[in-house]
Amino acid sequence: MTALSPRRSAARSRIAAVGALAVAGALVLTGCGDQTGAGDGDGKAKDGGKGNALFAKLPEAVQKKGTLEIGTNAEYAPMESKEGGQIVGVDPDIAAALGEKLGVKVKFTDAKFDTLVTGVNAGRYDLAMSSITDTKARQEGLDEKGKKLGSGVDFVDYFIAGTAVYVKKGNPQGIKSIEDLCGKGAAVQQGTTYEAALKTASKKCTDGGKPAIKIESFENDTEAQTRVRAGGAAAGVNDYPVAVDLVRKAGGGKTFEIVGEQYEAGPFGIAVDKKNTKLRDAVKEALDAIIKDGSYKKVLEKWGAQTGAIDAAAVNSGK
């Protein structure tokens, strides 16, 4: 979920064309607690790790079980969502490609977004991959007020995206940007960086003598969308590629529209426990490998998200 980053202008030029997203297949924005494999049919790596130099670089525990357990929040098409009980999208397909390079299976578990990082720290997942914006606060285990919540995580950064404001079709309240939300209701998923963005924008409202934004935070993004659709909130805030996909699909393109341009672009990262540097480094090397051999590009093209591509993997590049 999108970060508050100063890299806006540089990143915008790389992802402005995301508005042309053409995602294959209809994806359902739902959330439940089942587990779904991703990868070559059933999530199996093609070579099972035999003769694989990257497999040898994985932690022994991962080698023994032969599977990477990955936590996600599957309601962010085209990045990750549910289709026929299976988790599909950019992230599962990138993870499957990484699994092939590493010689292991990948298995996704759908969970609440704000439990993913703590799940990695607690050992429930080897990785978390769910459009998670790499930020310094998450790296250090801090909440939005700087309070220490945990040990933090390292990120292997694999994608760039910005934040978008979306409204009901026809824009009945005349919203042009996040600055126009002073005194109005805005729906958002709790625990995301764009919830923090709304709080920052609300403070600017009050500092300027205007009413605060009436922020409504929901457990999942589907509830936030419903609030905007029903007219209970003037706007919703989401990751730009997710908002574009929502606008294109909801009601056959007749329910929502995006206002203004995306802003505050930053990197999405694969979260790894800070103590697990061996896994972090192996994942980074695998990501560089799929970028080099073109399989990374093919995944992004499949989901119409190629304008968020990076040229090389990075660790903890978020601000």
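Predicted model: local features only at pLDDT ≥ 70, side-chain atom pairs only at ≥ 80, totals over all residues.
In which hand does α3 pass α10?

1. **Crossing of α3 and α10.** The crossing in which α3 passes α10 is right-handed. Helix α10 covers residues 295-302, and its axis lies 10 Å from that of α3, at a packing angle of about 160°. Because angles over 145 degrees count as roughly antiparallel, α3 is roughly antiparallel to α10.

2. **Residues at the helix contact.** On the α3 side, the contact involves Val90, Asp93, Ile94 and Ala97. Their counterparts in α10 are Ser295, Tyr296, Val299, Leu300 and Lys302. Sorted by class, the contact of α3 with α10 comprises six nonpolar residues, one polar residue and two charged residues.

3. **The cavity.** The count of cavities of 30 Å³ or more comes to one. The largest cavity has a volume of about 50 Å³. Its lining consists of Leu68, Ile70, Ala95, Leu98, Gly99, Leu102, Val106, Leu127, Met129 and Val283. Two elements, β2 (67-72) and α3 (90-102), each give two or more residues to this lining.

4. With four residues, α3 provides the largest share of the lining of the largest cavity. By class, the lining of the largest cavity has nine nonpolar residues and one polar residue, with no charged residues.

5. **The largest pocket.** The space in the largest pocket amounts to about 650 Å³. Its lining is made up of 26 residues, of which Arg138, Leu142, Asp143, Leu149 and Gly191 are the closest to the pocket centre. The elements giving two or more residues to the lining are α4 (116-121), α5 (136-140) and α6 (193-207).

6. **Composition of the pocket lining.** Helix α4 supplies four residues, the largest share of the lining of the largest pocket. For the largest cavity, by contrast, the lining has no charged residues.

Methods: Residues numbered from 1 in each chain as written. Heavy atoms only, no water. 1 Å grid on protein atoms, 1.4 Å probe; cavity = no way out; pocket = protein on both sides within 12 Å on 5 of 7 lines; lining within 4 Å. Points joined across faces, edges and corners; volume = space filled by probe spheres on them. Nonpolar A, V, L, I, M, F, W, Y, C, P; charged D, E, K, R; others polar. Axes fitted to C-alpha atoms, helices over the stretch in contact; angles between N-to-C directions. Parallel < 35°, antiparallel > 145°, perpendicular 65-115°, else oblique. Left-handed = near helix turned anticlockwise from the far one by under 90°. Contact = heavy atoms within 4.5 Å.
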